[in-house]
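Me: Could you take a close look at one part of this structure with me? I'd like to know how it sits among its surroundings.

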Amino acid sequence: MEVSLEEIVQLEKVHRYISNMRPVFNKRALFSDTTSEYLSPEEPNAYDEVTIRFRTAKNNMDQVFLVCQEKKYLMKLVESDKLFDYYACQLQLGEEKTSYYFELRSGSLVGYYNTRGLVHDVNEYYNFIVIPGFKTPHWAKGAVMYQIYVDRFCNGDTSNDVLTNEYCYINEPVHQVADWDRYPAQMDVREFYGGDLQGVLDKMDYLQDLGVEVIYFNPLFVSPSNHKYDIQDYDYIDPHFGRIVIDKGDLLAAGEKENRLASRYINRVANLTNLEASNELFIQVVEEAHRRGMRVILDGVFNHCGSFNKWMDRERIYEKVKGYEKGAYVSEDSVYREYFDFHNQNSWPYNSSYDGWWGHNTLPKLNYEGSKELFDYVMYIGKKWVSPPYNADGWRLDVAADLGHSREFNHYFWKKFRKAVKEANPDAIILAEHYGNTREWLQGDEWDTVMNYDAFMEPVTWFLTGMEKHSDDYREDLLGNVWTFWGAMKHHSANFSLPSWQVAMNQLSNHDHSRFLTRTNRKVGRTSTLGPEAAEQGINKAVFREAVVMQMTWVGAPTIYYGDEAGVCGFTDPDNRRTYPWGREDQELIAFHRDIIRIRRENRELRTGSIMYVDCDYNFLAYGRFRNEGKCLILINNNSHLVYKVIAVWVLGTEKQGKMKTLLYTDAEGYVTGGQEYEITAGKIRVELPATSAMVLKYEPL
């Protein structure tokens, strides 16, 4: 049958009309998470009844179901406004973890909603998670933390400085660095600049003025290295960081390498007067921090200790000192023998056949399975430092997933450690170092949270710089790849329940990776290959400020590595452990950090609000942080050219008309607080963003 052109046009019109009548999901309106506005109570106890809410576009949905543990609950329409419908249902919890997602129906159309947003297939990995009874400290939620590598922060007491030839470390004499501004040596662990706890006390005004809420210290306990991840005595603060009241004895003679002869060092670190005075100084530091409204987190190294440790005493430091038992290296009859795993049972005295972490004999691995006494003692240490009179506010746990000789024991240890610490101080945080999937440790009975590499540091670094976090690789395909960035963020953040995510340590730099400011120059290499000067060449402060904007507006606890805020550069360790540049600071960067921290603290949604993807394009990202009482939009343009965008802000819950005011703006020329206001028209704003710029905008209703 022949069909005329007019009939074809009419058929196409009918087809388009029918297509437009088909039900469709307004995807951008769909939202739920586990913040208090969508899960109440936000941190429920076992057997609590919780209310779960879901948001849709107004009149867009026929039915919304909550799907939980293979059961389906019809949700009721409980509230509507000009833009949205809100569905809710009550759910009775038990003792176990609960996970859920939503099933959406509009006509014949069916979809599912989980932490990835609207999906067509359900994957349990991305379900929302509620762990009854699991709570993280309120003070840590969204708190601004500041990491201090003590030897490089500030020298407040020169009388406790490590002296050249005071002892040997890894078969070479230690060295006192006289020039505070000197680059770290390539073999830096035995180089000491003199930073100490008195220096931290001296700079408390600076930290408070910056807006710091939590101080995280790299290890403080007695240790022969400047990094102190090889603990010598868990009971005491190192007098080189604390106080040396009695200072006597001799330095090692030239060419001498036996530390049993290092009488000056032995007196400094084994004399009880010095040790107790150092603990007293730590008490003062914590008290002063608390007086200023700051908390203090200690670094706990419990997987291994150091060969200098009094339990091992490979260096024979304690062998002849009164009040100390013989170490396991020294004597077959040592009370500490079972603290370590010795492979040769016939090599005493001075048995060096013990198991070292990753084969390092300077890092004896602790043998918890072989010694209940060791297990109980480390539980005591965990409690001791978060209890009076020390009153630290928690632990960061070094290489926490490596502890023990099996995965089963590892989990057993951390369950017991959590119980011990929380009984001593229920408000203490337990925060672990871990790379990779963290889910099995974040079930509410082990760690509170982790250093957030996978769901913050790495995706941000790849997106803004194209660099690997050690500056060991450059990936042009990841630079500006917002789709990979957002996918990584969604994937890895799904491992967190909200209490863990809100306290996760979000860092741009730390003592194990290159400084972020250095990554902005996109130079692949280390100080050993390129030299330390290259770390400062070609840096881009505008990109760094973009990263700080993201750090200070993302879910979690933004953690500044000392000196980042002052413009410190550096390749991966040891170059990342440069001294704080007192008197040479980048004052504009410090002011920028001070202002954006203030903005974060003044706008609650930036600390504990929901987060939502809003828009993206190559090298461009827009996301929102919002609560009922406050709504912020964050815009990042990492392109080298101006970008013009029309942004739908109604998805954050704004009215169709209103204003977005600028809280902070940064570009290649610098930064300003305040500034332009943007009219909301039909729920959208129009913005121009210059190259390498970022904005934080706040909604103001008419």
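Reply: Happy to! Let's start with helix 4, where Arg264, Tyr265, Ile266, Asn267, Arg268, Val269 and Ala270 are buried; buried means under 20% relative accessible area, with a 1.4 Å probe and protein chains only. Because 7 of the 8 residues of helix 4 are buried, the helix is largely enclosed by the rest of the structure. The cover over these buried residues includes strand 17 (221–222) and helix 5.

A word on the source: this is a predicted model, in which local features need pLDDT of at least 70 and side-chain atom pairs count only at pLDDT 80 or more, while totals for chains, interfaces and linings use all residues. Residues are numbered from 1 along each chain as its sequence is written, and side-chain values use heavy atoms, with hydrogens and water left out. Helices (H or I, at least four residues) and strands (E, at least two) are DSSP runs, numbered from the N terminus.

Now for the helix pair. The axes of helix 4 (residues 263–270) and helix 5 (residues 272–291) come within 5 Å and cross at roughly 50 degrees. Here axes are lines fitted to C-alpha atoms, for helices over the stretch in contact, and angles run from 0 to 180 degrees between N-to-C directions. On the helix 4 side, Asn267, Arg268, Val269 and Ala270 meet Leu272, Asn274 and Leu275 of helix 5, contact being heavy atoms within 4.5 Å. The residues of this contact divide into 4 nonpolar, 2 polar and 1 charged; Ala, Val, Leu, Ile, Met, Phe, Trp, Tyr, Cys and Pro count as nonpolar, Asp, Glu, Lys and Arg as charged, and the others, Gly among them, as polar.

Helix 5 lies across strand 16 and strand 19, running at about 140 degrees to strand 19. Strand 16 (residues 214–217) and strand 19 (residues 295–300) run parallel and are joined by 3 bridges; two strands pair if DSSP finds at least two bridges between them. Ile215 has Val296 in strand 19 as its bridge partner. Both strands belong to an open sheet of 8 strands in the order 22-21-20-19-16-11-24-23, with parallel pairing. At its edges are strand 22 (449–450) and strand 23 (505–507), each pairing on one side only.

How values were computed: Buried < 20%, exposed > 50% of the residue type's maximum accessible area, 1.4 Å probe, protein only.
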